[in-house]
Amino acid sequence: MNSFQMAWRSVIRKPVKSILLFFVVFMISLFFLSGMASRNASIATQNKTKQAVGAGFLIEANEANKRNRADEILAKKTEGEEGNFDGVNVEKIETNYGTSWRVSYDNSFQTILIHDMEKIAAVSGISEYNITTAVTAVNPVDFSRIEDDDVDQSSDLLCVSLIGNKDMALDANVLSGNVTMKEGRMITEEDVDVCVISEELAAKNNLSVGNRIQFNDRRDIENGTVFGAEIVGIYRVQQKMTPVMSGDTYRSENMIFTDLGFPEKAEGSTSGALYEKAYFKVADVNQYDEIKKEIQKADIGWERYDLIDNNGNIDKMSKNFNDLENVSQILVIVVAGASLIILFLVFVFWMKGRVQEIGILLALGTPKIKILGQILLEASMIAAAALFLSFTAAPAASDITADYLVRQQVQKATEQNVLEEGKVAKNAEDSEETVTGVSVAVTPELMLYGWIGVALLVVISVGAAGILIARKNPKDIFSEIS
C-alpha cells in the first residue's frame, strides 16, 4: 500500500475530523481571497458637480493619492528638518503657543502629468483633448479689477484669476454653453501670451481686442517680472461662474482665460505649471463605453488620477478610497494569525486522536519524519479539496466583503466630516461623492497567492503540532495511553 492510499483511507476512516479540517481550510481560504481582492477593489462613485460635459471624459488628480505620496515622502525625512522634499514643502513656524509645522505642495507635486495625458489622447476614438490649469491668482499691473465696493477687501488677495487652456473651446465653461464670445476669438493650442477677458473687465478698463494687459507675481508686486498678454477675445456668461474660493479675486468677472503656459509665468512659479484637469472628446458617442474601457487600459499610473465620465461616475482604486486598502490588509493579517492558531489546534486534536497509531508506528521503527509526512499528506488532500471549493465561492464572498468594508469606510468618513464641520476650510466647489458600486476580481494571481498562503499555514501548523509527538518515544506514548 503506497502513501497516497494510506492517506486516503485515513481520511475516510475518520470523517468527523476530516470534515472539520475541510471546513476550517475552506473558511480560511475564503477570507484570504476576500481580503486580498478587497485590496484591489474598484469603487465606483458619482459626483454630479464634476461630470464631464458632453461626449467626453475628464481626468483629475486624486486627492487621496496626493496625501499618500506626501506621507511616504515625509516618512523618509529627518525629524525636525525643513525644506522641499520632492515637491512637499515643510516649514517650521514659531508662535506664542509653541512650534508648529506647515506642510504644502508645490506645482510639480500636484500637477497631472502631460505625458500621461498624451497617452490617453492617443487612444483610438478620442478626437481632441484639452488640458486646463488650476485657477491662478496674479497681480494686475496696468488695469483695475472688478470689486464690490461694499465688501471689506483687507482679507482678499487683491488679484485677478487666470485659467490656462490648451484649447479654450474645450474648457468646461465653454462646453456647458455658459461662456460665449462677445468679440474676437477663443484661444487655440498655437497661441502664446494671449488672453480672453470678461465684458465687465473690458468695460471697466476701456479695453478691446488687440490691447495688451500685464500681470506679475502677487507675492512680489514691486520686483516681480511683468508679463504681458494680448487680448484676443472678450467673453460673456449666461450665469456667473462658480468661484473656487471666496473673495473678489475669484469672482466671475475677474476670471481671465489664457494660453496653457501663461499662468505659470505670470505667477512666477519655480516648480512648473499646475495642470489641474484634462478633457478628452469622444469622436463617436455610440462608442462611448468601449472607448472608456480602452482609456482604462492606458499604461499610466492610474492611482494618481480619477477618470470621470459624463454622468459624474468616478472609478477609484481601493488605495485612494479612504483607508480601504489598509483595512483590507489588516483583515488579511488578522486572518493569517487567527488561521495559524486554529489550524494548530485542529492538528493537535488530530494528533491526540492518533496517539496509539503513532506509538505503534514508532515501535515498529518508522521514522518520525515519515509519520509527520504521512499526516501532512492527509492534510494536503483535504486542503486541496477545500481550496478548490473556496475558489468557486470566492467571487461572491469577495463582493460581500468589499461592499461591507466600503460601507464602513463611507460611514467613518461621514462621521469625520461631521466632527470637522466648521473647523476645516473647504473649496467652494466641494461636494459629496456617492458610492454607486464596488467591483472586485478574484484573479488567477490572487488564487495562486491564496493557495501558497494556505499551504504555508498547513505546513507550519502540522510541523508545530508534530513537535508534541516527535519529542516522545514509544514507551512514553504507551504509558500515557495506559
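Q: In this predicted model, which residue in β12 is the bridge partner of V179?
A: The model is predicted. Strand β9 (residues 179-184) and strand β12 (residues 227-237) are joined by five bridges and run antiparallel. V179 belongs to this pairing, and its bridge partner in β12 is V237.

Q: Do β10 and β12 run parallel or antiparallel, and which residue in β12 does V196 stand opposite?
A: Strand β10 (residues 194-198) is joined to β12 by five bridges, and the two strands run parallel. Within β12, the residue opposite V196 is G233.

Q: How many bridges join β11 to β12, and which residue in β12 is the bridge partner of I213?
A: Strands β11 and β12 run antiparallel and are joined by four bridges. For I213, the bridge partner in β12 is A229.

Q: Which residues of helix α9 are buried, and where on the helix do they lie?
A: Helix α9 covers residues 288-296, and its buried residues are Y288, I291, K292 and I295. Seen down the axis of α9, these buried residues fall within an arc of 105°, so they line one face of the helix.

Q: Which exposed residues does α9 carry on the face turned away from its buried side?
A: Residues count as exposed when their relative accessible area is over 50%. On the face of α9 turned away from the buried side, the exposed residues are D289 and K293.

Q: How many aromatic pairs are there, and how far apart in sequence are the parts that F57 and Y288 tie together?
A: The count of aromatic pairs comes to six. One of them is formed by F57 and Y288, which are stacked at 4.3 Å centre to centre, with 20° between the planes. F57 lies in strand β2 (residues 56-61) and Y288 in helix α9, so the pair ties together parts separated in sequence by 231 residues.

Q: Are F57 and Y288 buried or exposed, and what are their relative accessible areas?
A: A residue counts as buried when its relative accessible area is under 20%. F57 is buried, with a value of 0%. Y288 is also buried, and its relative accessible area is 8%.

Q: Which strands hold Y129 and F280, and how far apart in sequence are the parts that this pair ties together?
A: Y129 and F280 form a stacked aromatic pair, 5.7 Å centre to centre and with 10° between the planes. Y129 lies in strand β6 (residues 126-133) and F280 in strand β14 (residues 275-282), so the pair ties together parts whose distance in sequence is 151 residues. Both partners, Y129 and F280, are buried.

Q: Which residue has its charged end over the ring of Y129, and at what distance from the centre?
A: Besides its pairing with F280, the ring of Y129 has a charged end sitting over it. This charged end belongs to K166, and its distance from the ring centre is 4.2 Å.

Q: Where is S339, and is S339 buried or exposed?
A: S339 is placed in helix α10 (residues 324-352). Its relative accessible area is 3%. Because buried means under 20%, S339 counts as buried.

Q: How far apart are S339 and M27 in space, C-alpha to C-alpha?
A: In sequence, S339 and M27 are 312 residues apart. S339 is also in contact with I28 and L457, leaving aside neighbours within four places in sequence. In space, the C-alpha to C-alpha distance between S339 and M27 is 9.3 Å.

Q: What is the phi of D86, and where does D86 lie?
A: Most residues other than glycine have a negative phi. D86 is not a glycine, yet its phi is positive, at about 50°. D86 counts as exposed, at 64% relative accessibility. Its place is the loop between β3 (83-85) and β4 (88-95).

Q: Where is N206, and what is its relative accessibility?
A: N206 is a residue other than glycine with a positive phi, near 55°. Its place is in the loop between α7 (199-205) and β11 (212-216). N206 counts as exposed, with a relative accessibility of 69%.

Q: What percentage of the residues of the protein chain count as buried?
A: The protein chain has 14 helices and 17 strands. Of its 482 residues, the part that counts as buried is 43%.

Notes: Residues are numbered from 1 along each chain as its sequence is written. This is a predicted model: local features need pLDDT of at least 70, side-chain atom pairs count only at pLDDT 80 or more; totals for chains, interfaces and linings use all residues. Side-chain values use heavy atoms; hydrogens and water are left out. Buried means under 20% relative accessible area, exposed over 50%, partly exposed in between (1.4 Å probe, protein chains only). Contact means heavy atoms within 4.5 Å. The arc is that of the directions from the helix axis to the C-beta atoms. Rings of Phe, Tyr and Trp (its six-membered ring) pair if their centres lie within 6.5 Å; planes under 30 degrees apart count as stacked, over 60 as edge-to-face and the rest as tilted. A charge sits over a ring if NZ of Lys or CZ of Arg is within 6 Å of the ring centre and within 35 degrees of the ring normal. Two strands pair if DSSP finds at least two bridges between them.
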